[in-house]
Amino acid sequence: MNSMKRGILAIALASVGVAAHAVDFRVSITNMAPNNGTYLTPMWFGFHDGSFDTFSVGSAASMGLERIAEDGNPSVIGADFMASGAGSGSGVLSGIGPIAPGQSTSMVITIDENDPRSNYFSFLSMVIPSNDAFIGNENPLAHRVINENGQFVGADFIVLGSQVMDAGTEVNDEIPMNTAFLGQMMPDTGTPEGGVVGFHQGFMPGGNILGNPMFSGADFTAQDYQVARITVEAVPEPATMAIIGLAGAALAARRRKKSIVETNSTC
Ligand SMILES: [Ca+2]
Ligand SMILES: [Ca+2]
């Protein structure tokens, strides 16, 4: 093939493009902690092209991460995500507020599955009570939900206690006034840590968290401790909806035909 033909072919392929295809994804989180274990704040999530990186171990937290990790506030990371242009959709699983051990919450989001900005899934949620503990995927390429062939493969994974992170933005003093879900009344309280994101070393033995009977099961450094299960599933299009859709299309076609006849008759 000569270069001109190759060029024409490339232009033709580019112009064909891929039609948008809106599908419903159900995003769910289940708190897997034992009784009196860790709670989770409403989970932020986004579908993106693989370039939206929420944090890196050894680097200082972004403001968006800090606000999630200290206060459970997803609005800054949400705005950063929108501004990045890397994503096709995002949301917050805020249905039940703090997610208690054993509880689940989910939401359905409509996503264009043919948009390359829908291929990867990222999430963040604060682990409470804590100063600045959180869970999230460090690697933006960790959870590919649409494969190379454009097929939806979803996600289903467990976040272990050994994967709980420390944002490095607030000293882990566990002083109730500074500790979300213990006694903190205002956002952005506590002693700045000025550190970097790293793996969380766990709560203080006998401290204000583990020493509280309500959180006696919150030692996520315990062996095989599970913090959360997160899933991304395709919501199947109900067959009945497809039939109604076909019937509607047939009706619309009949109406169109009728109106053409009427139009013709008036000329
Ligand atoms: Ca990263
Ligand atoms: Ca900290």
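Strands E1 and E5 pair in the antiparallel sense over nine bridges, where two strands count as paired if DSSP finds at least two bridges between them, and where strands (E, at least two residues) and helices (H or I, at least four) are DSSP runs numbered from the N terminus. Within that pairing, Thr30 stands opposite Ser104 in E5. What we have here is a predicted model, in which local features need pLDDT of at least 70 and side-chain atom pairs count only at pLDDT 80 or more, while totals for chains, interfaces and linings use all residues. Residues are numbered from 1 along each chain as its sequence is written, and chains are lettered from A and ligands numbered from 1 in the order in which they are written.

Let me stay with E1 for a moment. Strand E1, residues 22–31, also pairs with strand E11, residues 226–234, again in the antiparallel sense and over seven bridges. In E11, Thr30 has Arg229 as its bridge partner, and Phe25 has Ala234.

These pairings belong to an open sheet of four strands, in the order E5-E1-E11-E8, with antiparallel pairing. Strand E5 (104–112) and strand E8 (155–160) stand at the edges with a single partner strand each, so one side of each is left without a neighbour in the sheet. On average, neighbouring strands of this sheet are turned by 15 degrees against each other, direction ignored; the axes behind such angles are lines fitted to C-alpha atoms, for helices over the stretch in contact, and the angles run from 0 to 180 degrees between N-to-C directions.

Helix H2 (residues 63–71) and helix H3 (residues 75–84) pack at an angle of about 150 degrees, with their axes 7 Å apart. That makes H2 roughly antiparallel to H3, since angles over 145 degrees are classed in this way, under 35 as roughly parallel, 65 to 115 as roughly perpendicular and the rest as oblique. On the H2 side the contact is made by Met63, Gly64, Leu65, Arg67 and Ile68, and on the H3 side by Val76, Ile77 and Asp80, a contact requiring C-beta atoms, placed from the backbone, to lie within 7 Å.

Which residues does Thr41 touch, not counting those up to four places away in sequence? They are Gly72, Pro98, Ser125, Met126 and Ile128. Thr41 is found in the loop between strand E2 (39–40) and strand E3 (43–48), and it is buried, with 25 other C-beta atoms within 10 Å; the cut-off for buried is 20 or more such atoms, exposed means 12 or fewer, and partly exposed lies in between, with C-beta atoms placed from the backbone. Across the protein chain, buried residues make up 36% of the 267 residues.

Finally, some backbone details deserve a look. Most residues other than glycine have a negative phi, and most peptide bonds are trans. Here, a cis peptide bond joins Ile128 and Pro129, with omega about -5 degrees, and Pro129 lies in the loop between strand E6 (120–128) and strand E7 (133–136). Asn36, in the loop between E1 and E2, has a positive phi near 60 degrees and counts as partly exposed, with 15 C-beta neighbours inside 10 Å. Phe181, in the loop between strand E9 (165–166) and strand E10 (198–199), has a positive phi near 85 degrees and, with 19 C-beta neighbours inside 10 Å, also counts as partly exposed.

Methods. Two residues are in contact if their C-beta atoms, placed from the backbone, lie within 7 Å.
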